[in-house]
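This report describes one structure in terms of its domains, its ligand shell and its backbone. Please keep the sequence and the coordinates open while reading.

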Amino acid sequence: MNSSASAVAWCERLGSAAASAPASGIAEVMRHGFGRNGIIPLWVGEGDEPTPAFICETAAESMARGETFYMPQPGIQQLRDGLAAYHDRLYGGLFGEPFPADRFYVTGSGMQAIQIAIRLVADPGDEVIVPTPAWPNFPAAVGVAGAKACQVPLRFDPAGWRLDLDDIAAAIGPRTKALFINSPSNPTGWTATEADLAAIVELCRRRDLWIIADEVYSRFTYGSDRPTTPSLHDHIVPDDRVLFVNTFSKNWAMTGWRVGWIEAPEAIGPAIENLIQYATSGVAVFMQRAAARALSEGESALSSLIDRARIGRDIVSTALAAIPGVSFAPPGGFYLFFRVDGVSNSTEFAATLIKEADVGLAPGSAFGAGGEGFFRLCFARNPDDLSEACARFANWMSRRA
Ligand SMILES: Cc1ncc(COP(=O)(O)O)c(C=O)c1O
């Protein structure tokens with residue numbers, strides 16, 4: 001047997017969910033950039049600043065103290081208390097009371113929080129509605145759980161992406177268990193208004209659906225005096241079935257740490273603890289100590305990241321707006337998602353751009369229905385790199401025209 005035939009034979013013996021899990025369309029383009037000197041990679045979903053030193057030191061001190069043993073599944077009390085206090089600061093309490101620490105469960109990343117949330121609400125064969133373009137890991141995780149992601153495209157308009165609730169309502173079927181709401185959205189930047197959120201909650205109450213709420217980028221607000229973008233926290237009552245998934249990755253430059261959390265009604269705590277038990281059995285305690293310190297002392301570090309992203313957003317918005325054939329809605333989170341007129345294969349376009357201009361973009365096709373013809377760039381990065389990448393792209397586009 002040659003090696004590819006043997007790979008096929010091996011894969012035929014895998015479970016169907018594993019065998020059919022899609023490869024990342026972003027990784028496919030990144031392969032063209034591996035080993036290229038001088039490429040400016042804007043395809044990634046992370047900033048380029050390392051984790052603040054005080055957070056790293058807290059982890060090192062904890063390890064040095066010998067905190068290297070198993071810990072309680074839902075997370076150490078210090079971190080659960082810290083999450084409750086952090087949410088109190090942001091939202092001024094929940095249902096007229098301080099947030100209880102028992103609503104918070106520490107997970108090994110936002111990605112794992114998403115996986116657990118899906119497992120909590122969907123059985124194999126069930127459906128979860130995903131407005132698209134969306135971060136591809138979400139629909140893929142639904143598929144890996146044996147459920148089906150029903151993609152409902154947002155409507156693009158340069159004035160702003162729009163979620164049409166009639167489209168969502170039309171996609172609800174007898175097996176639909178949940179609606180995924182990612183606001184601000186990766187990749188589109190769509191940010192739900194208070195009216196959107198009120199209508200979403202009302203629809204899910206009426207149609208008996210869970211909401212999986214991903215507000216991972218909510219602290220990246222621009223030009224607002226509130227500390228977050230509009231949140232479902234301000235729209236729910238105790239009976240609403242909402243699972244919030246979140247992460248330390250973006251706010252405190254901790255992508256490589258893999259620490260996140262789920263916020264859920266306390267009543268389902270035992271089920272969450274079991275799913276954590278059978279996945280990772282908890283997050284390393286020294287990482288949890290560091291995460292707790294990020295919450296309690298990380299506001300100024302977070303403000304600096306937001307300021308840097310704001311500068312980046314202004315650079316890329318101004319530069320791309322001047323390129324003929326490029327259109328985009330106001331960016332959000334730390335992504336700008338733009339369309340290039342006439343592009344029908346964004347993967348091929350992004351691969352050629354790498355080879356000819358040394359700029360790395362994520363192809364819109366990777367983000368599901370409604371994404372083809374678009375490109376995502378992350379602007380939470382060095383302003384000089386952003387200016388240079390935009391200049392290279394503008395120049396390449398003018399040569400192409
Ligand atoms: C919308 C969204 N949710 C969740 C995550 C998960 O973050 P992590 O797994 O790094 O904690 C990401 C990461 O890119 C994201 O973009």
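The text below goes from the domains to the ligand shell, then to selected elements and backbone details.

The model is predicted, so local features require pLDDT of at least 70 and side-chain atom pairs count only at pLDDT 80 or more, while totals for chains, interfaces and linings use all residues. Residues are numbered from 1 along each chain as its sequence is written.

**Domains**

The chain divides into domain 1 (3-51 + 300-400) and domain 2 (67-297), with bounds that come from an automatic or database domain assignment. Their centres, taken over C-alpha atoms, are separated by 24 Å. In the interface, 39 residues of domain 1 are in contact with 35 residues of domain 2; contact requires C-beta atoms, placed from the backbone, within 7 Å. On the side of domain 1 that touches domain 2, the elements giving two or more residues are α12 (299-321), β9 (326-328), β10 (335-340) and β13 (374-378). Of these, α12 gives the most, with seven residues. Here helices (H or I, at least four residues) and strands (E, at least two) are DSSP runs, numbered from the N terminus. By class, this side of domain 1 has 21 nonpolar, 13 polar and five charged residues. The classes count Ala, Val, Leu, Ile, Met, Phe, Trp, Tyr, Cys and Pro as nonpolar, Asp, Glu, Lys and Arg as charged, and the others, Gly among them, as polar.

**Ligand shell**

There are 13 residues around the ligand, and S109, G110, M111, T247 and S249 come nearest. A residue is near a molecule if its C-beta atom, placed from the backbone, lies within 6 Å of it. The shell divides into three nonpolar, nine polar and one charged residue.

S109 lies in the loop between β2 (104-107) and α6 (110-121). Its phi is near 105 degrees, a positive value in a residue other than glycine. S109 counts as buried because it has 21 C-beta neighbours inside 10 Å. The cut-offs are 20 or more other C-beta atoms within 10 Å for buried, 12 or fewer for exposed, and the range in between for partly exposed, with C-beta atoms placed from the backbone.

**The elements on either side of S109**

In β2, F104 and V106 on one side and Y105 and T107 on the other are all buried, so both faces are covered. β2 and β8 run antiparallel and are joined by four bridges; strands pair if DSSP finds at least two bridges between them. The bridge partner of F104 in β8 is E263.

Nine of the twelve residues of α6 are buried, so this helix is largely enclosed by the rest of the structure. Among the buried residues of α6 are G110, Q112 and A113. The end C-alpha atoms of α6 are 17 Å apart, which agrees with the 16 Å that twelve residues should span at 1.5 Å a residue. The expected span is 1.5 Å times one less than the number of residues.

**Other backbone details**

R258 also has a positive phi, of about 65 degrees, although it is not a glycine. R258 is in the loop between β7 (242-247) and β8 (260-263). It is partly exposed, because 19 other C-beta atoms lie within 10 Å.

| Cis peptide bond | Omega | Loop of the proline |
|---|---|---|
| T132 to P133 | near -5 degrees | between β3 (127-132) and α7 (137-144) |
| S183 to P184 | near -10 degrees | between β5 (176-182) and α9 (194-206) |

How values were computed
Two residues are in contact if their C-beta atoms, placed from the backbone, lie within 7 Å.
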